[in-house]
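Dear colleague,

Please read them with the coordinates open beside you.

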Amino acid sequence: MKYESILSQLCEELLILTKGRTTVGENTELVGDLALDSLQVMDLLLLMEDRFDISIPVSILPDVKTVRDLAIQVEKLVSNS
Amino acid sequence: MGIFDKYQSLKTTRDELDALGIDPFSVKIDRIISPTEGIIHGRPTILAGTNNYLGLTFNPECIAAARTALENEGTGTTGSRMANGSYSGHRLLEQEIAAFYGKRDAIVFSTGYQANLGILAALAGPGDVVLLDADCHASLYDGCRLGGAEVIRFRHNNPEDLAKRMRRLGERAANTLILVEGIYSMLGDRAPLKEIIEVKREFGGYLLVDEAHSLGVLGETGQGLAEELGLLDEVDFVVGTFSKSLGGAGGFCVSDHPELDLIRYSSRPYIFTASPAPATIASTRQALRLLAAGKHLRKRLMANAEQLHAGLTSLGYTLGAPPSPVVAVVLDGKIEALQFWSNLLQHGVYVNLMLPPATPNGVSLIRCSVSAAHTPEQIDAVCAAFAELRELA
C-alpha cells in the first residue's frame, strides 16, 4: 500500500478523533498540535491496526511525533505483513 | 533547551489547580483513626477511597504479629532478596501464598507495582509478544516496557478484539502472554475471564491475571475472579498486592510453571531492591489467614458495595460498572470533577479523583472504594454527601 493512501486514511481517523476541530496534515504533531493524550494516541493505534489489518506494537510511539512519523511506521508494518 | 522544559505543560496544569485552590494529589491525612476514618484539614472524614477492602489495617492480630516481628527481627532487612534480605518469614509467606492458591510456587516482591514490573520484565523479553487489555494498570505497561517485548493492546474487555489480534500474529500467538485484571481499578468492572480463556484455548499462549483489586474480594476463599469462576487452573500466572485487602505493602506472583523460580535470577525489580520489612511480612502472613477465612468480611464488603451503588444510582449518578467494591461515578468534565471532589472533602468524605489520561475513554471519575469495615451509617453518610452535591454533577 502506498504511503499517500496510508496518510490519507490516518488523517481521516484523526479528523474523527478530534471531531474536526483542526486541520490535519503530514507535519501535524499528535500531542503538540492535536493535544492528544497518551491514551488517545494508543487508541489511534488500535484504529490503524484494524484499518490495515496489522499489529502495531506500542513501542513505536517514542519514534512518533507527527502524522508523518506514524504513517511511515504503518507503511513499514504493512509492507512487512 | 533544559531538562525541565518537558514539564512546562504539567506546570500549566498545576498552576490551573492552584488557581482553583484545589490540590487533589497532595492530600494529607493528618491523623488516621481507623480503616474508615481520618482527620483531613482538621475535619473528621470518612475514608471511602483507600482500597482497604477488608479493613484489616487496624486488625489486632495483624498488629501483634507485626509488633513481634519488629521487636525480634528489627526495622528492616537492609538488603535485597538475592543478598541478605530473605528471612524465613519471606520464604514462609511465599509458601503460604502458593498453598493458598494451590499453585506450585510463589515469589514475593517489595510492592505490587514491582511484582508486575518484576514478572513482566522477566517473562516478556525482546522477541516475545504481550497482548494486554487497553485498561490494564500502568504497572503492567511499565513491566512490558522494561522487558522489551512487543506490546499490542486489545480493546477493553473485548475477547473478540483479542482474538482478532491473536489471529494476526499467526504462529507467534502460541507464545503470546495475555494480560487482564480481575477487577479493573478505575471503573470496578471485571474481566470476561471465561471468554478470554476460550481465546487462549483457540490460539495458545499464556495468561496472566492481575488480581490486585479482586484478592480478598471475589471467590469463596478470596483468591479473586479466577476462583469465583472456577478457572484458576487455566491461569498461568496470578499477580497481586498486599497493599489493598491485606492491609500491608508488597506484591506476589504465583504459578504452576516450574520455571517461576528462575525468574528470581533475572528480574531486576526483584534483585535490585530491598526486601519487605519483617513487620510487613508478619502482618501480611496474619492478614492472609484472616482473608482466607474471611467469608463474613466479603459478605459485608459486598453488602456495603451494593448499598453505595444503589444509593448513588437512586440519586441519578452514572456509575462505571455493576456493584463491586470500586464504585466509580462518571462526571462530565475535569473542572466539574475537581470541584465535586473538593466539595465532597469539605463534606467530610474522602474519595479518589481520577482524570484523563489515567481513566478510560477520557472520562473524569469520582472513584469510591468500599471497605468491609464501613458501617451502614457511614455508607449512608457518603450517599448523603453525594445527594447534597447532586446539583453540581
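This is a predicted model: local features need pLDDT of at least 70, side-chain atom pairs count only at pLDDT 80 or more; totals for chains, interfaces and linings use all residues.

At the start of H2(A), the backbone nitrogen of Leu39(A) has a side-chain oxygen of Asp37(A) within 3.0 Å, while after the helix comes Asp53(A), with a positive phi near 55 degrees.

Among the buried residues of H2(A) are Leu39(A), Leu45(A), Glu49(A) and Phe52(A). The buried residues of this helix pack against helices H1 and H3 of chain A, and also against helix H5, strand S6 and helix H6 of chain B.

Of the 30 salt bridges in the structure, one is formed by Arg153(B) and Asp43(A), with their closest N and O atoms 3.1 Å apart. Because Arg153(B) lies in strand S6 of chain B and Asp43(A) in helix H2 of chain A, this pair joins two chains. Arg153(B) is buried, at 4% relative accessible area, whereas Asp43(A) is partly exposed at 26%.

A further salt bridge links Arg168(B) with Asp53(A), where the closest N and O atoms are 2.7 Å apart; this pair also crosses between chains, from helix H6 of chain B to the loop between H2 and H3 of chain A. Asp53(A) is exposed, with a relative accessible area of 52%. Both Arg168(B) and Asp53(A) belong to a network of salt bridges that includes Glu49(A), Asp50(A) and Arg165(B).

Note on methods: Residues are numbered from 1 along each chain as its sequence is written. Chains are lettered from A and ligands numbered from 1 in the order in which they are written. Side-chain values use heavy atoms; hydrogens and water are left out. Buried means under 20% relative accessible area, exposed over 50%, partly exposed in between (1.4 Å probe, protein chains only). Helices (H or I, at least four residues) and strands (E, at least two) are DSSP runs, numbered from the N terminus. Contact means heavy atoms within 4.5 Å. A polar contact is a pair of N or O atoms within 3.5 Å; within protein, one must be able to donate a hydrogen and the other to accept it, and residues adjacent in sequence count only if both atoms are side-chain atoms. A salt bridge is a side-chain nitrogen of Lys or Arg within 4 Å of a carboxyl oxygen of Asp or Glu.
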